[in-house]
Amino acid sequence: MKILITGCGMLGYDLRRVLENEELFCLDINEPTFQVPNFQICDITDFEKTYKTITKINPEIVIHTAAWTDVDGAEKNPVDAYRLNVIGTRNVALSCQRFDASMIYISSDYVFDGEKKEPYIEFDEANPLSVYGKSKYYGEIIVQQLVNKFFIVRSSWLYGVNGKNFVKTILNLTKEKKELKIVNDQMGCPTYTKDLAAAIKVLLSTGLYGIYHVTNSESCSWYDFAKQIIKLSGSSCKV
């Protein structure tokens, strides 16, 4: 299959490895820090450039991982967050329309308000509260309206080898501080991007389009997550 991956971050890195036997193309606004096959620089907020680039590649599948992922930063820069997560997604979706390409849109648990006392399922009503959550949800709506064949994959608390994430942040902080204070009232499912990439590969083989929640099993608080990271690292830093 000819597959295009937008974004060369954590998930893009692992998707490239999991799908290495496919005909891969990748695009990002910046040069990646690792070797990428058939790479092209492209700003997805530029419709003309995006449409021309994607339709020239003519992929069978587009996995759209490129996104504004800084949750706090989105509150300070809502226009930039919406431009990338909403307008950028629209541009990619419109490009998929031309050749009826399948689209995989990576969404987030932030599309929910967090009030439910048990795990969210795909049929629960979205109610995003933050700028980031709203931008990802609007992206979902756009994909559903513009693309015939789509997977919307909601995941949470991603961490991986390539890119910034909570695991790397904690490990770096243990080198600077003897004690860390981490919140214990927020629960989630930490998800390794290599596992998420493998799950996306399985989804692609099914042709069962729709909305999916894909995370690693079990859940914990940020506090529990930090304690386990420090324990495995062998650090004496207290939490």
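The legends below describe close-up views of a predicted model. Local features require pLDDT of at least 70 and side-chain atom pairs pLDDT 80 or more, while totals for chains, interfaces and linings use all residues. Residues are numbered from 1 along each chain as its sequence is written, and side-chain values use heavy atoms, with hydrogens and water left out.

**View A. The largest nonpolar core has 24 residues.** Such a core is a set of buried Ala, Val, Leu, Ile, Met, Phe, Trp, Tyr and Cys residues joined through side-chain atoms within 4.5 Å; buried means under 20% relative accessible area, with a 1.4 Å probe and protein chains only. Ile3, Leu15, Ile63, Ile104, Val153, Ile200 and Leu204 touch the most other members. Helix 7 (193–206) is among the elements that each supply at least two residues, and its share of five is the largest. Helices (H or I, at least four residues) and strands (E, at least two) are DSSP runs, numbered from the N terminus.

**View B. Ser221 lies in strand 11 (residues 220–221).** Ser221 counts as buried because its relative accessibility is 2%. A polar atom of its side chain lies 3.0 Å from the backbone nitrogen of Asp224. Beyond residues up to four places away in sequence, Ser221 touches Trp157, Asn184, Gln186 and Met187 (contact: heavy atoms within 4.5 Å).

**View C. Ile104 touches residues that include Phe151, Val153, Ile200 and Leu204.** A second, separate core of 21 residues includes Ile44, Val92, Met103 and Ile152.

Technical notes:
Buried means under 20% relative accessible area, exposed over 50%, partly exposed in between (1.4 Å probe, protein chains only). A polar contact is a pair of N or O atoms within 3.5 Å; within protein, one must be able to donate a hydrogen and the other to accept it, and residues adjacent in sequence count only if both atoms are side-chain atoms.
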